[in-house]
Amino acid sequence: MKIVLDTNVLLSSYLFQGYTAEVFDHVWLNHEIILSEWILKEFREVCSRKFKIKESEILEVLDHLRGGASVYQPKGPPPKICSDPDDDNILHIAEFAKADWILSGDSDLLKLQQFQKIEIISPREYKLKFLV
């Protein structure tokens, strides 16, 4: 399955050793991870600005992600569905890559439940479906 990982899922799995990290590991080993240049840029900015992580550490994680995920640069403008345009970028990459799922902790995305035929689930829902 093709699964888009929202930036908040990447941050949570990288920064905290909780169930999201466990979910990330399972997705990494069992599915095709879909990312965009936009997601990687946002990840880098948040790690640097909010969490004060060293640039060398961030680049190491980004290299790892690029090595194991499919990274796309979607064409055209993102859809205008969510109140937060950042969320529309997640929908855009999912649509462009023909993803099966979006894995997100963002409440605005989660309340959509689905975008076109792409299911939107939380890491907790994923864990209940696949890791219990």
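Colleague: Is F130 buried, partly exposed or exposed?
Modeller: Keep in mind that this is a predicted model. F130 counts as partly exposed, because its relative accessibility is 35%, and the buried class stops under 20% while exposed means over 50%.
Colleague: And W101, buried or exposed?
Modeller: W101 is buried, at a relative accessible area of 8%.
Colleague: How many aromatic pairs are there?
Modeller: The count is seven aromatic pairs. One of them is W101 with F130, a tilted pair with 5.4 Å centre to centre and 45° between the planes.
Colleague: Where do those two sit in the chain?
Modeller: They are 29 residues apart, so the pair links distant parts of the chain: W101 is in strand β4 and F130 is in helix α7. Together with Y126, W101 and F130 form one aromatic cluster.
Colleague: Switching to helices, how do α3 and α4 pack?
Modeller: Helix α3 (residues 37-49) and helix α4 (residues 55-68) pack at about 155°, with axes 10 Å apart. That makes α3 roughly antiparallel to α4, because the class takes angles over 145 degrees. Their crossing is right-handed.
Colleague: Which residues make the contact?
Modeller: On α3, they include L40, F43 and C47; on α4, I58, L62 and L65 are among them. By class, the contact has eight nonpolar, one polar and four charged residues.
Colleague: Last one: what does N89 touch?
Modeller: Beyond its neighbours within four places in sequence, N89 is in contact with W38 and P78. N89 lies in helix α5 (residues 85-97) and counts as buried at 18% relative accessibility.

Key
Residues numbered from 1 in each chain as written. Predicted model: local features only at pLDDT ≥ 70, side-chain atom pairs only at ≥ 80, totals over all residues. Heavy atoms only, no water. Helix = DSSP H or I, 4+ residues; strand = E, 2+ residues; numbered from the N terminus. Buried < 20%, exposed > 50% of the residue type's maximum accessible area, 1.4 Å probe, protein only. Contact = heavy atoms within 4.5 Å. Axes fitted to C-alpha atoms, helices over the stretch in contact; angles between N-to-C directions. Parallel < 35°, antiparallel > 145°, perpendicular 65-115°, else oblique. Left-handed = near helix turned anticlockwise from the far one by under 90°. Nonpolar A, V, L, I, M, F, W, Y, C, P; charged D, E, K, R; others polar. Phe/Tyr/Trp six-rings, centres within 6.5 Å; stacked < 30°, edge-to-face > 60°.
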